[in-house]
Amino acid sequence: MEELTMQKLVAYCKNRGFVFPGSEIYGGLANTWDYGPLGVELKNNIKRAWWDYFVTKDENSYGVDCAILMNPRVWEASGHVASFSDPKMDCKNCKTRHRADTLIEDYNTKHGIEMAVDLMSKDEMSNYIKEHNIKCPNCGKCDFTEIKNFNLMFQTKRGVTEDNSDVIYLRPETCQGEYVNFLNVQRTMRAKIPFGIGQIGKSFRNEITPGNFIFRTIEFEQMEYQLFCKEGQDEKIFDEYKHKVMKFYHTLGLPEEKLRFKDHDKLAFYAKAATDIVFHYPFGWEELNGIHNRTNYDLTQHQKYSGKNMLYTDPVTGEKFIPYIVEFSVGADRLFLTLIANAYTEETLDDGETRVVLKILPRLAPIKVAVLPLQKNLSEKAHEVFKGLQKDFVCDYDESGSIGKRYRRHDEIGTPLCVTIDFDTLEDNTVTVRDRDTMKQDRIKIENLKSYITSKIFGDN
Ligand code: GAP
């Protein structure tokens with residue numbers, strides 16, 4: 001198969017009902033996307049897989065679902081008001097806005113230069129851009145304004161007065177809800193350290209150079225998990241979870257050779273360690289997931305700004321301390337892109353035709369089973385089988401076009417199994433089940449279909 005381009009992937013996602021451009025009939029709104037009927041199923045399955053793996057199947061884990069709008073003091077305590085910013089500059093010629101660090105990184109990647117751009121000051125970035133004549137990607141001129149820091153939080157106002165004291169923010173990350181509820185969860189669940197809190201929810205960032213489809217958007221969903229532990233346990237937990245998180249991606253079918261750890265060159269002043277899991281996307285190696293040892297900074301800050309005690313009391317020793325936090329975090333949309341880019345396959349068949357197959361892990365597939373009557377006059381029996389399967393699986397009923405075309409249609413959207421009803425079905429109550437990946441067919445009794453499908457779809461668990 002030729003290398004997958006983003007252009008092809010975006011067109012595929014749009015044409016097959018996975019992801020549509022946001023507000024399309026109004027000309028769109030840059031870097032917003034809407035999930036279609038298949039996209040929402042796939043995304044829900046991804047979120048469910050994450051939640052099951054890290055929250056429900058771990059006895060020391062608890063879930064929360066916190067408000068997007070939080071008291072603005074939260075964002076002062078977290079440091080976002082003062083310093084959640086990117087270095088931006090405008091092209092004086094075409095007036096487009098750019099991130100200085102991204103332009104340098106793109107230039108360096110193209111020229112095979114390895115450099116820690118995140119360690120550079122604004123002046124160093126400015127000089128580097130001039131010295132290397134790095135051009136505006138839009139108009140090709142190298143004539144930029146001074147680099148300024150641009151805060152990424154979206155602001156809005158509550159109430160009726162236009163007063164600055166009413167400013168509130170759309171959360172730029174979900175984890176602060178987990179921090180401010182740390183003691184609520186600990187007390188109500190009688191949780192003992194070390195324990196974790198997971199959350200899935202929307203975050204918003206006024207990204208300057210969003211792009212690459214759903215890789216970086218201004219509105220996205222995060223799946224974030226915070227492990228609360230005692231100082232001294234943190235390094236071991238960081239190491240354990242690094243590997244647990246990597247293993248999770250392998251269980252979703254992402255191959256080892258397309259995933260790597262990448263340690264941060266520059267740590268936040270409070271952080272002890274930070275590693276990304278990076279994936280090989282069609283546009284290069286980029287961050288999929290962050291893992292951070294945040295020390296006791298977050299809870300210490302919330303204690304300071306809220307005036308409320310954030311101490312944990314050890315039930316055995318009675319010792320009181322502010323817990324350390326090890327965090328891992330991934331965007332649900334980014335993981336969606338990762339999985340779909342990895343699964344999209346074009347195969348050349350013996351007859352020279354191309355078969356597009358979405359080789360997604362069966363339990364993540366948007367539609368699990370398609371029910372296909374061989375001919376329209378078998379539709380009564382086929383409907384009966386369809387209704388039976390619908391109770392347990394997300395199914396599609398499809399009787400339009402030749403059986404070959406229908407198989408291809410379902411291969412393309414990743415349906416793992418196609419159940420075909422033919423004339424023998426009327427005689428012996430058996431059906432043919434075709435496997436998406438091998439294209440092999442089994443003859444199965446209708447009464448055994450549910451267990452057959454269950455083991456094929458969820459047998460990897
Ligand atoms: N609480 C820590 C935190 O938010 P981050 O590295 O800024 O850390 C974590 O974000 C993850 O969220 C990233 O690894 C990425 O998967 C996802 N993410 C961040 N910004 C995003 C954006 N603009 N669009 C889509 N996903 C994003």
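In which sense of crossing, left-handed or right-handed, does H5 pass H6? The crossing of H5 with H6 is left-handed, a term that applies if the near helix is turned anticlockwise from the far one by less than a right angle, right-handed being used if clockwise. The structure is a predicted model, in which local features need pLDDT of at least 70 and side-chain atom pairs count only at pLDDT 80 or more, while totals for chains, interfaces and linings use all residues. Residues are numbered from 1 along each chain as its sequence is written, and side-chain values use heavy atoms, with hydrogens and water left out.

Helix H5 covers residues 100-110 and helix H6 residues 122-131; helices (H or I, at least four residues) and strands (E, at least two) are DSSP runs numbered from the N terminus. The axes of H5 and H6 come within 10 Å and cross at roughly 45 degrees, where axes are lines fitted to C-alpha atoms, for helices over the stretch in contact, and angles run from 0 to 180 degrees between N-to-C directions. H5 and H6 are therefore oblique to each other; angles under 35 degrees count as roughly parallel, over 145 as roughly antiparallel, 65 to 115 as roughly perpendicular and the rest as oblique. From H5, Ala-100, Asp-101, Ile-104, Tyr-107 and Asn-108 meet Met-125, Tyr-128 and Ile-129 of H6, contact meaning heavy atoms within 4.5 Å.

The ligand is surrounded by 19 residues, the closest being Glu-173, Glu-224, Glu-287, Leu-288 and Glu-327; a residue is counted if one of its heavy atoms lies within 4 Å of the molecule. A nitrogen atom of the ligand lies 2.7 Å from a polar side-chain atom of Glu-173. For Glu-224, a side-chain N or O atom is 2.6 Å from a nitrogen atom of the ligand. At Gly-331, a backbone N or O atom lies 2.8 Å from an oxygen atom of the ligand.

Ile-193 and Pro-194 are joined by a cis peptide bond with omega of about 5 degrees, and Pro-194 is placed in the loop between helix H8 (182-188) and strand E9 (195-204). Ser-23, although not a glycine, has a positive phi of about 45 degrees; Ser-23 is found in the loop between strand E1 (19-21) and strand E2 (33-35).

Key. Polar contact = N/O pair within 3.5 Å; in protein donor to acceptor, adjacent residues only side chain to side chain.
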